[in-house]
Protein chains: 2
Amino acid sequence: MITEAYCTELDQSDELATLRDLFALPPNTIYLDGNSLGAQPHAALEQAQHIIRHEWGNDLIQSWNKAGWFQRPLQLGNELAPLIGAKPNEVAVTDSTSVNIFKAAAAALHLQRSQATTAQRRVIVTERSNFPTDIYILQGLTHFLNDGYELRLVDHPDQLNAAIDHDVALVLLTHVNYRTGYMVDMAALTTYTHQQGALILWDLCHSAGAVPVDLHAANADFAVGCTYKYLNGGPGAPAFIWVPEKHQPHFTQPLTGWWAHQSPFEMQTHFQGAGDIRAALCGTQPIISLSLVSAGLDVFKRTTMAKIRAKSLALTDLFIQLIEEQCSGHPLQLETPRHHAHRGSQVSIAHPHGYAIVQALIERGVVGDYREPHIMRFGFTPLYTSFSDVWRAVAILKDILDHQRYDTTLEKNAVT
Amino acid sequence: MITEAYCTELDQSDELATLRDLFALPPNTIYLDGNSLGAQPHAALEQAQHIIRHEWGNDLIQSWNKAGWFQRPLQLGNELAPLIGAKPNEVAVTDSTSVNIFKAAAAALHLQRSQATTAQRRVIVTERSNFPTDIYILQGLTHFLNDGYELRLVDHPDQLNAAIDHDVALVLLTHVNYRTGYMVDMAALTTYTHQQGALILWDLCHSAGAVPVDLHAANADFAVGCTYKYLNGGPGAPAFIWVPEKHQPHFTQPLTGWWAHQSPFEMQTHFQGAGDIRAALCGTQPIISLSLVSAGLDVFKRTTMAKIRAKSLALTDLFIQLIEEQCSGHPLQLETPRHHAHRGSQVSIAHPHGYAIVQALIERGVVGDYREPHIMRFGFTPLYTSFSDVWRAVAILKDILDHQRYDTTLEKNAVT
């Protein structure tokens, strides 16, 4: 049996423990929802004050050059690149994940249509369990292209290979599933997709900053992801898009705003794409929210993704083991794989009264979230979550379950 | 001859003069670039601190509901609506102007194709002198639609009526030209466009908060605009999109992200559009930049657009008259119409060494900007610009011109 003292010992020997001091965490709270909204780095407040007072308030329009606002999407892209195995000048932080999926998927289909051997392919494969916006964007894109595309929705990762055949133009997969935390094998699926002559677009929303990602090692085609979960960039902070060098000369997407132009300040009448990562940009970016992404990324410069992954697996292993030791006898079902190779940085557990229990946990300061159907979702963010946090969270969960301290009549509320 | 004392008197009787105290303006600066980036309302700093410390830092994920983050695009849209003659629940503040043009233009073309009488129309009319992103987005959209659309670029507003014929599906016009400050007649052009059976999309980037706009009185179809110029929402703050009630049931745009879904939290597999203004949304928004838009909009609640317009015309009239009195003999050419009905809230003046003179003005604390070719652009923002500012700006311009205190060897730098 694991003891609280053992968890304290784990914290004492945890090399990442001091990073927690870089974050502003609320008192009396065990925050297990960094997979939905990452915590606030202290530096974000100072940075926002500087941008508003000095860059906006004092230097005003001159900050577009002087403070580097115009270069910010690519500067941040370069800072983010090492976390996902991207090279310099391959990543832009810009727009939302949804908009970036649209750009990357449209560019991929355009690339396929331009090649004689793949021009006729009209199937796009993705998972039915994907976060809905991925599917919705593909539906909007294909409806709008009106060129015979169909979506093939796969029910389980094991069925992906069978679904990816010679009719497939594009595969859009989420590396770590938002609901279950199931992680698929990026390198193997990319290789298989390429063998079938299709392109692959990876959604890294629940991977970037959570698990090691190496897009180049996998030889992937495109990727998108968000910065406000494990990267702690701030609420709704702009997302990222990765276009590797190999695809940049042919990257054509429909959102051809002036930031994607070769010479945006020459005010030419005809659009001429930049031919580099800027071709993935569109219009003017929300500079304050965008800039704060660097406060989140800076924390990652103090450690490595390997160390983060090691602690993440230790945290999730501990959580699973404690639940099994402390909460046996309750109708809990582990939805997240036990196998490390298939686990992201979250643990999802189903319970018939999952929604009510999550609300009771939040009341007691343990902040996880709920996802349909019945899933209690707990994110583990090694930068600011301790092993003692895990102990206390399970102790509170045990108390709630053992004494049925939850209200099954609660209405479900909108949460993201 | 106008005297400095006369300008001081104008300030003393200016009802809007005290609004200047609501803004953080740099010392020793006459800021005439609010048409590019509006000044910082003091309230923006306090608001950002509150959002970062309390909403993000303390309440974390709960702020999506508790602080109303999820409702913010429509809440701000409702606050902005009265400034442009929109009704409640017709405006969303979201994404960039470029992305919103894409949505609105795509929706308009979709609407035209769905109607038997206009299904075959394949021409989109806009002005060659439009801000380039408007043209680029139309090029990207029509290229991807691959359905025979062509752009018809008009060289002067006087030629618009001739260009809008029965082949035209959509007209995209900017109400006030970014370079010259020329304002077209929204009501007349909308009526004419409808008579020809086409739809019209208005770009209000240089109108919202600058001149009175009444979209419903004009019976317009769609509109977009930005919040970071005359609305003082902050650098690159999210833009707005207007979809009137009459078009909401049929508003179909390709960027079908989850925020546009009827029931975004039910996580359904199939996209079902919201059928109201939410159909113009796409993905998660940059909450900090987005929220600060309200600090800018709040200032407008203290006055009326009629009063702002009256002062704006007084300021630009004064500027033009002073230039003519003080700077005669120099090769200056007024690019902005003298006729009030055709003037926005800026004055553009061409000079062969326009770029160098603008740099010299900035060195002396008079911040305007430069636009190709040869144009010195000065924006007048009645909320924080005084008549004495105008006097001093012209005095400094006169000194620079009279003594050729500018460096014609300067390289042109990227400015927005």
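First, the ground rules. This is a predicted model, so to speak: local features need pLDDT of at least 70, side-chain atom pairs count only at pLDDT 80 or more, and totals for chains, interfaces and linings use all residues. Residues are numbered from 1 along each chain as its sequence is written, chains are lettered from A and ligands numbered from 1 in the order in which they are written, and side-chain values use heavy atoms, with hydrogens and water left out.

How is chain A laid on chain B? It takes a turn of 180° and a shift of 0.0 Å along the axis, and the RMSD is 0.0 Å. That is how a two-fold axis relates its copies. The superposition is by least squares on the C-alpha atoms of residues with pLDDT of at least 70 in both copies. The same surface serves both copies, with 97% of the contact residues of chain A recurring in chain B.

Now the interface itself. Here 87 residues of chain A are in contact with 84 residues of chain B; contact means heavy atoms within 4.5 Å. The area buried between chain A and chain B is about 7,300 Å². Carbon and sulfur atoms give 70% of that area. Buried area is the accessible area, with a 1.4 Å probe, that two parts lose on being put together, summed over both.

Glu79(B) and Lys301(B) meet at 3.4 Å, N to O. Glu79(B) is in helix α4 of chain B and Lys301(B) is in the loop between α10 and α11 (305-326), so the pair ties together parts 222 residues apart in sequence. Helices here are DSSP runs of H or I with at least four residues, strands are E runs with at least two, and both are numbered from the N terminus. Glu79(B) is partly exposed at 21% relative accessible area, while Lys301(B) is exposed at 54%. On that scale, buried is under 20%, exposed is over 50%, and partly exposed is in between, using a 1.4 Å probe and protein chains only.

Second, Arg152(B) bridges to Asp165(B), with the closest N and O atoms 2.9 Å apart. Arg152(B) is in strand β6 (residues 150-154), and Asp165(B) is in the loop between α7 (160-163) and β7 (168-174), 13 residues apart. Arg152(B) is partly exposed at 22%, and Asp165(B) is partly exposed at 24%.

Third, Lys246(B) bridges to Asp221(B), at 3.6 Å between the closest N and O atoms. Lys246(B) is partly exposed at 39%. Asp221(B) is buried at 2%. Over in chain A, salt bridges that share partners join Arg20(A), Asp389(A) and Arg392(A) into one network.

On to the rings. The whole structure holds 35 aromatic pairs over all chains. Rings of Phe, Tyr and Trp (its six-membered ring) pair if their centres lie within 6.5 Å; planes under 30 degrees apart count as stacked, over 60 as edge-to-face and the rest as tilted.

Look at Trp64(A) and Trp259(A). Their ring centres are 5.9 Å apart and their planes are at 80°, so the pair is edge-to-face. Trp64(A) is in helix α3 (residues 63-66) and Trp259(A) is in the loop between β10 (240-242) and α10 (287-300), so parts 195 residues apart in sequence are tied together. Trp64(A) is buried at 4%, and Trp259(A) is buried at 2%.

In chain B, Phe70(B) and Trp258(B) form a tilted pair, 6.2 Å centre to centre with 50° between the planes. Both Phe70(B) and Trp258(B) are buried.

Ring pairs also build a cluster, whose members include Trp64(A), Trp259(A), Phe131(B) and Tyr178(B).

Last, one helix. Among the buried residues of α4 in chain A are Leu74(A), Leu76(A) and Leu80(A). The buried residues of α4(A) pack against β4 (91-93), β10 and α10 of chain A.

Conventions. A salt bridge is a side-chain nitrogen of Lys or Arg within 4 Å of a carboxyl oxygen of Asp or Glu.
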